[in-house]
Amino acid sequence: MTDASLGDTSTQTIKDVYFAQRRTKRLLNTILLVLFIAMMVAGFRTADARNAGGFFDGFTSILDFPGDVVSEAIERFHLLPGYLIKYFPSLIETVNIAAASTLLGALIGLVLSLMVTRGLAPVPALVGPLRRVLDVLRAVPEIVIALVLIFLLGGGPIPAMIAIALHTIGALGKLFSEVNENASLNPVEGLASVGASWSQRMILGVIPQVAPNYLSYALLRFEINIRASAILGFVGAGGIGYDLRNTISWGQGKFDEAAAIFLLLFLTIVVVDQLSSVLRNRLTHGAKIGEAHP
Amino acid sequence: MLRFHDVTKSFGANIAVDAASFTVDKPMMIGVIGRSGAGKSTLLRMLNLLTDSTFGEITYDGLNVTNLRGAAKRSWQSQCAMIFQQFNLVPRMDVVSNVLHGTLNKHSTFSTLFNLFPDEDINRAIDILDRLGIAEHAPKRAEALSGGQQQRVAIARALMQDPRIILADEPIASLDPMNAQVVMQSLRDIHEEDDRMVIANLHTLDTARRYCDRVIGMRDGKIVFDGKPELLTTGAARDIYGADASFSEAATSTQIDTLNAQKSEMASA
């Protein structure tokens with residue numbers, strides 16, 4: 001017990017160090033909070049000043065348009081099933097554009113993602129340049145690419161598909177490479193030790209680890225692409241977006257058809273979402289066949 | 001004090017704990033032993049209300065804790081600390097914050113979000129860490145510590161709760177023999193110095209013999225032994241582990257000397 005006083009002073013030092021550390025942390029957090037609030041206020045005021053009508057004047061009429069759509073849809077509810085059938089073929093076209101572009105984008109994005117992940121890249125010198133390529137693909141709005149391609153190739157689904165696929169490569173390439181970074185390198189090392197080539201190491205060592213995450217990002221991208229391909233319909237790429245533009249801009253009287261199109265889009269997203277959770281479950285927990293849990 | 005009456009837990013057709021009944025009338029150190037899958041963890045988790053019981057009643061000082069919900073449930077959980085096999089700390093937070101989590105039941109979400117723990121709590125947390133001999137690691141991240149040190153942080157978190165009961169679910173199963181001894185001794189000291197009830201799931205007989213005042217043996221969800229460790233004969237142990245006559249106590253031991261003894265036994269056989 002001769003060390004009692006010594007023990008007390010050392011605990012006191014530990015406490016002092018911890019309290020000092022906490023003060024620094026709090027100070028930094030407060031500065032961040034103040035910065036955040038300042039940016040929010042400044043950003044909002046700029047946006048409000050540039051607006052044609054001003055936020056507070058327009059605020060009350062925000063719900064007018066959805067209100068019109070809903071009230072017309074309810075008024076002519078009996079026509080809704082007919083509209084759903086009428087617009088279903090265009091929906092198929094839109095989903096088709098989205099599916100093709102997601103598949104193409106995911107495949108190219110996957111290869112690129114492996115090439116831009118530090119520790120996995122076959123040519124480390126290419127990591128930086130390839131990342132910039134992905135940045136460019138993400139930075140250019142797909143509607144711009146689509147307009148250029150429509151000008152060159154003429155209207156139709158192909159330009160839309162290419163435009164969306166290019167953006168998907170950029171987005172999924174980045175997300176996939178972040179997933180790859182969290183993959184354990186131990187299996188890769190194990191495969192390298194038996195003399196496997198780079199592609200063999202990736203196919204067997206990395207992809208099985210991260211496949212569920214790939215799938216969930218790809219399916220999220222699929223949802224986004226359905227919406228994107230609907231928007232591209234506005235500029236002449238066909239599909240349900242073209243119908244949506246006609247029904248919405250025709251003025252009063254066709255809002256019930258617009259409501260039917262919104263409903264179709266919503267149902268599509270629900271189906272994709274459900275499909276995604278089923279597939280992911282299967283991939284992470286394995287198929288239920290021959291399950292032998294106690 | 002603590003009373004289990006016909007407590008049962010079934011997962012579908014599986015019965016994990018089958019009509020467990022026992023009474024504890026004063027704070028003591030209790031070891032629950034049995035094979036893995038015997039229902040030891042479920043028994044402890046039902047007391048902490050991490051798992052709901054299917055049937056039966058658990059009472060503490062006359063309070064029926066079995067069907068508590070919401071704030072009453074969380075308040076009971078704060079009085080009934082739990083220590084896990086895999087420590088279950090928040091790896092990316094510092095050791096003191098992890099210990100301070102023991103007081104969360106007294107704080108609102110708002111003060112948690114802004115990390116507003118009172119200074120006296122921080123002083124107490126570091127004193128507890130000092131008592132367990134790991135105060136010098138206070139500012140480090142929990143993930144930077146070794147297994148034995150992390151388990152002592154978990155014990156510190158439990159002590160921070162100022163609980164009436166400390167439950168330990170296989171506290172030493174992931175630790176090497178030296179660290180296991182330190183952790184078990186800490187639990188024993190807490191029982192003796194603070195007079196708190198400690199219930200620990202153990203899977204080695206010698207640990208239970210060495211540290212516990214009372215041993216409960218479980219087999220296939222049923223309590224098959226309940227008494228002082230002295231009464232735990234080889235026959236009783238065979239019954240608990242469902243082993244035949246070839247069973248020797250050394251088979252359930254992690255102590256280095258008994259393992260060596262077992263080896264030489266096998267060599268001579």
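**Figure 1. Buried residues of helix α6 in chain B.** In this predicted model, Q149(B), Q150(B), Q151(B), R152(B), V153(B), A154(B), I155(B), A156(B), R157(B), A158(B), L159(B) and M160(B) are buried in α6(B). A residue is termed buried if 20 or more other C-beta atoms lie within 10 Å of its own, exposed if 12 or fewer do, and partly exposed in between, with C-beta atoms placed from the backbone. Helix α6(B) is thus mostly covered, with 12 of its 14 residues buried. Helices (H or I, at least four residues) and strands (E, at least two) are DSSP runs, numbered from the N terminus. The cover over the buried residues of α6(B) includes β6, α3 (95-100), α5 (119-131), β7 and α7 (177-194) of chain B. Contact here requires that the C-beta atoms of two residues, placed from the backbone, lie within 7 Å. The 14 residues of α6 (residues 147-160) of chain B should span 20 Å at 1.5 Å a residue, which agrees with the 20 Å between its end C-alpha atoms. The expected span of a helix is 1.5 Å times one less than its number of residues. Just after α6(B), D162(B) has a positive phi of about 50 degrees.

Residues are numbered from 1 along each chain as its sequence is written, while chains are lettered from A and ligands numbered from 1 in the order in which they are written. Because the model is predicted, local features need pLDDT of at least 70 and side-chain atom pairs count only at pLDDT 80 or more, whereas totals for chains, interfaces and linings use all residues.

**Figure 2. The six-stranded sheet of chain B.** Six strands of chain B form an open sheet with mixed pairing, in the order β6-β7-β8-β3-β9-β10. Two strands pair if DSSP finds at least two bridges between them. At the edges stand β6 (80-83) and β10 (222-227) of chain B, each with a single partner strand, so one side of each has no neighbour in the sheet. From one strand to the next, the twist averages 15 degrees. Helix α9 (residues 234-241) of chain B packs on this sheet and touches β3 (29-33), β9 (214-219) and β10 of chain B; the direction of α9 makes about 155 degrees with that of β10(B). Axes are lines fitted to C-alpha atoms, for helices over the stretch in contact, and angles run from 0 to 180 degrees between N-to-C directions.

Figure 3. Five of the five residues of β7(B) are buried, so the strand is largely enclosed by the rest of the structure. In a regular strand the side chains alternate between the two faces of the sheet. In β7(B), I165(B), L167(B) and D169(B) point one way, and I166(B) and A168(B) the other way. Four bridges link β6(B) to β7 (residues 165-169) of chain B, and the two strands run parallel. C80(B) has I165(B) as its bridge partner, and M82(B) has L167(B). On β8 (residues 197-201) of chain B, five bridges join β7(B) in a parallel arrangement, with I166(B) partnered by V198(B). The chain passes from β7(B) through α7(B) to β8(B) in a right-handed β-α-β crossover. A crossover is right-handed if, with the strands pointing away from the viewer, the path from the first strand over the helix to the second runs clockwise.

**Figure 4. The four-stranded sheet of chain B.** Here four strands of chain B form an open sheet with antiparallel pairing, in the order β2-β1-β4-β5. The edge strands β2 (14-24) and β5 (63-64) of chain B each pair on one side only. Seven bridges connect β1(B) with β2(B), and F11(B) has N14(B) as its bridge partner. Two residues lie between the strands of this hairpin, in which G12(B) takes a positive phi near 60 degrees. Five bridges join β1 (residues 2-11) to β4 (residues 55-60) of chain B; H5(B) stands opposite E57(B), and R3(B) is partnered by T59(B). Helix α1 (residues 40-47) of chain B lies across β1, β2 and β4 of chain B, at about 60 degrees to β2(B).

Figure 5. Chain A has 11 helices and zero strands. Of its 294 residues, 29% are buried. Helix α3 (residues 64-75) of chain A is hardly covered, with one buried residue among its 12. Six residues of chain A are in contact with 10 residues of chain B.
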